[in-house]
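Reader: I am new to reading structures, and I would like to go through this one slowly with you. Could we take it one question at a time?

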Amino acid sequence: MSGTALDSAVACYVLALGDDALVCAQRLCEWATRAPAIEEDVALMNIALDLLGQARSLLAYAGELEGSGRREDELAYLRDERDFRNCQLVELDNGDFATTMARQLLFSAYQFELYGALSSSTDERLSGVAAKAVKEVAYHREHAAGWVVRLGDGTRESHARMAAALGTVWPFAGELFEPAAPAELVAAGVAAEAPSLQGPWLSWVTSILSAATLDIPTVTWAPSGGRHGLHTEAFGYLLAEMQHLHRSYPGATW
Amino acid sequence: MPLSPDGSAAAPWPLWEVFVRPKRGLSHTHAGSLHAPDATIALQNARDLFTRRQEGVSIWVVPSAQITASSPDEKDAFFDPAGDKVYRHPTFYEIPDEAEHL
């Protein structure tokens, strides 16, 4: 790969990671003032803020690599649906609290393995972001696990809802482990090898589900396409809410 | 108050007192209180509510019901007798010049 082609490939990869964090943050923000307790409200917003911080670093870097002059705000607020590279898992509707926790469990556990691997990326900027973020997502993972175990191993009602929630989000986890970067980037030590993250991910998730008395759902379909700009019906509404202010008042500041 | 799925009021989460140690060498200090269903979640909530701005390196949570507190009504009997006993303060000693860091 030539220098420019390499930059462009890294930009695409970093953009996907940034979009994952951005969209997950936006979804979690919908819980503000609606969480089951005020303590949980603050916890969810802290997690959302961590993710937003990761998104900012990653999108800013993607913009620099692109060389087109787009900054983090342009990337977050002025792209349309088909230009977003996030996995579909993070854009799924929040559903009930169990669904949000199931989604967070799978996603944070994935981010934990991903950032762990990227901490030793040969791209120093990426390894710096990952080394900081891996501590954040370690907490997100524990937070989600705490609720999945309590709800799964709770009352008959909470168990049924947690099991249903897991069934809803589980098929979307497959996309996380599809190659998200060209083989050259993996070979150069820049990008993580996504399929290799699945083993440790599954092993940890299984241990949590076992403590939660939940079974791994039977997968009947394998949704995919987020990395290529194909998104679910829910995503357009999320973007409309996230982007309307910036689009209505370009350059608006506090 | 949290509501259970059928809309009735669920039992509220118990209250916990939170103690935060600002840094090594200092004592844990009472930071506030919060609600949580159990000790582990109480610790997580405490981390999110009281150490978001690097206020601490260690947290204790204690069920509020486990704390026995002195009563405001007994304040006089408890604390006033110490008021006129200035000799309990170590202020009546000559400090030798050689003793540093006192």
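Reader: In which crossing, left-handed or right-handed, does α2(A) pass α4(A)?

Author: This is a predicted model, so what follows describes a prediction. Helix α2 of chain A covers residues 38-66 and helix α4 of chain A covers residues 97-118, and the two pack with their axes 13 Å apart. Where α2(A) passes α4(A), the crossing is left-handed.

Reader: Are α2(A) and α4(A) roughly parallel or oblique to each other?

Author: The two helices pack at an angle of about 40°. Angles under 35 degrees would count as roughly parallel, and α2(A) and α4(A) are therefore oblique.

Reader: How many nonpolar, polar and charged residues does the contact of α2(A) with α4(A) have?

Author: On the side of α2(A), the residues that meet α4(A) are E40(A), L44(A), I47(A), L51(A), Q54(A) and L58(A), while α4(A) brings F97(A), M101(A), Q104(A), F107(A), Q111(A) and Y115(A). Sorted by class, this contact has 8 nonpolar, 3 polar and 1 charged residues.

Reader: How are α5(A) and α8(A) placed, roughly parallel or oblique?

Author: Helix α5 (residues 124-152) and helix α8 (residues 194-211), both of chain A, have axes 8 Å apart and an angle of about 30° between them. Their contact joins R141(A), E142(A), A145(A), V148(A) and V149(A) of α5(A) to W204(A), I208(A), L209(A) and A211(A) of α8(A), and the crossing is right-handed. Because the limit is 35 degrees, α5(A) and α8(A) count as roughly parallel.

Reader: How many residues apart in sequence are the parts that D93(A) and R27(A) tie together?

Author: The side chains of D93(A) and R27(A) form a salt bridge with an N to O distance of 3.3 Å. D93(A) lies in the loop between α3 and α4 of chain A, whereas R27(A) belongs to helix α1, so the parts tied together by this pair are separated in sequence by 66 residues.

Reader: Which side chains meet in the salt bridge between chain A and chain B?

Author: In the contact between the two chains, 15 residues of chain A touch 15 residues of chain B, and the area buried there is about 1300 Å². E39(A), Y139(A) and R150(A) supply 45% of the area that chain A buries against chain B, more than any other three residues. The count of salt bridges between chain A and chain B is 1, and the side chains that meet in a salt bridge, at 2.4 Å from N to O, are those of D38(B) and R150(A).

Terms used:
Residues numbered from 1 in each chain as written. Chains lettered and ligands numbered in written order. Predicted model: local features only at pLDDT ≥ 70, side-chain atom pairs only at ≥ 80, totals over all residues. Heavy atoms only, no water. Axes fitted to C-alpha atoms, helices over the stretch in contact; angles between N-to-C directions. Helix = DSSP H or I, 4+ residues; strand = E, 2+ residues; numbered from the N terminus. Parallel < 35°, antiparallel > 145°, perpendicular 65-115°, else oblique. Left-handed = near helix turned anticlockwise from the far one by under 90°. Contact = heavy atoms within 4.5 Å. Nonpolar A, V, L, I, M, F, W, Y, C, P; charged D, E, K, R; others polar. Buried area = accessible area lost by both parts, 1.4 Å probe. Salt bridge = Lys/Arg side-chain N within 4 Å of Asp/Glu carboxyl O.
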